[in-house]
Amino acid sequence: MPDSDWAPAAIVALNKWKQKPERSAFLLAQIERLAMLTRLLCAGAGKRVLTVSVVGLGKLGSPLAAVLASKGHTVIGLDQNEAFVKAINAGEAPVSEPRLAGMISANRSRLSATDDYEDAIERSDLTILVVPTPSEESGFFSHKHAKEALGRVVAPLRHKKKWHLVSLASTVM
């Protein structure tokens with residue numbers, strides 16, 4: 001399947017960046033790695049299987065975790081909300097979204113949840129943070145939850161010996 005049929009904005013952005021020689025080599029390399037990872041995640045079953053930890057199992061995180069598991073990847077959901085963790089582990093949807101319960105139930109063998117960051121980060125290749133960024137009175141987004149989650153992810157990474165990618169998917173602008 002051609003990239004243009006399924007490629008998210010990251011792939012399109014990569015192609016635009018390649019056309020501008022003044023872009024830094026470091027940033028271009030990071031974008032190329034992200035594009036490669038996006039291709040791996042979207043390819044799913046039959047391709048390289050990754051273990052992905054998804055931080056935040058709310059309205060965006062739990063569907064993301066379920067979709068990645070449906071593509072054949074092993075997914076470890078992380079959340080402070082004990083009810084969300086229990087729901088995922090019971091094969092149930094922690095939030096109400098169309099078809100989410102069925103997708104979680106169908107992929108129970110590849111989808112689990114925990115509040116143990118140390119173990120989840122050690123066992124995963126990639127961590128995607130999908131935490132709330134509510135608006136403040138000033139109109140700016142609050143990064144409080146993102147900073148807290150990132151702090152919990154970084155601590156176990158200090159001791160991890162193998163490669164690990166962390167992606168912040170929450171709104172940060």
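Where is the place of Ser62? Select Ser62 in the viewer: this residue is placed in helix α4, which spans residues 61-70; helices here are DSSP runs of H or I with at least four residues, strands are runs of E with at least two, and both are numbered from the N terminus.

The model is predicted, so that local features need pLDDT of at least 70 and side-chain atom pairs count only at pLDDT 80 or more, while totals for chains, interfaces and linings use all residues. Residues are numbered from 1 along each chain as its sequence is written, and side-chain values use heavy atoms, with hydrogens and water left out.

**Ser62 and its surroundings**

Ser62 is buried, because its relative accessible area is 0%; buried means under 20%, exposed over 50% and partly exposed in between, with a 1.4 Å probe and protein chains only. Next, display the residues around Ser62. With neighbours within four places in sequence set aside, Ser62 is in contact with Gly56, Leu57, Ile88, Pro94, Val95 and Leu100, where contact means heavy atoms within 4.5 Å.

**The whole chain**

Now zoom out and colour by secondary structure. The chain has eight helices and five strands, and from the N terminus on their order is α-α-α-β-α-β-α-α-β-α-β-α-β. Of its 173 residues, 36% count as buried. Among contacts between residues at least 6 apart in sequence, 65% join residues at least 24 apart. The accessible surface comes to about 10,100 Å², and 56% of that area belongs to carbon and sulfur atoms; accessible areas come from the Shrake-Rupley method with a 1.4 Å probe, and for residues only the protein chains shown count as cover.

Select strand β4, residues 126-129. Leu126 and Ile128 point one way from this strand, Thr127 and Leu129 point the other way, and all are buried.

Leu129 has Leu168 in β5 as its bridge partner. Follow the chain from β4 through α8 to β5: this β-α-β crossover is right-handed, meaning that, with the strands pointing away from the viewer, the path from the first strand over the helix to the second runs clockwise.

Leu150 is found in helix α8, residues 144-157. Its relative accessibility is 39%, so Leu150 counts as partly exposed. Show the surface here: Leu150, Val154 and Val166 make a nonpolar patch of about 180 Å². Patches are made of residues with over 30% relative accessible area and no salt bridge, like charges being joined within 9 Å and nonpolar side chains (Val, Leu, Ile, Met, Phe, Trp, Tyr) within 5 Å; a salt bridge is a side-chain nitrogen of Lys or Arg within 4 Å of a carboxyl oxygen of Asp or Glu.

Select Arg123 in helix α7, residues 117-123. With 43% relative accessibility, Arg123 counts as partly exposed. Beyond its neighbours within four places in sequence, Arg123 is in contact with Thr51 and Ile76. The C-alpha atoms of Arg123 and Lys160 are separated by 9.7 Å, although these residues are 37 apart along the chain.

Finally, select Arg99 in the loop between α5 (82-89) and α6 (100-106). Arg99 counts as exposed because its relative accessibility is 73%. Arg99 is not a glycine, yet has a positive phi of about 65°. Most residues other than glycine have a negative phi.

How values were computed
Two strands pair if DSSP finds at least two bridges between them.
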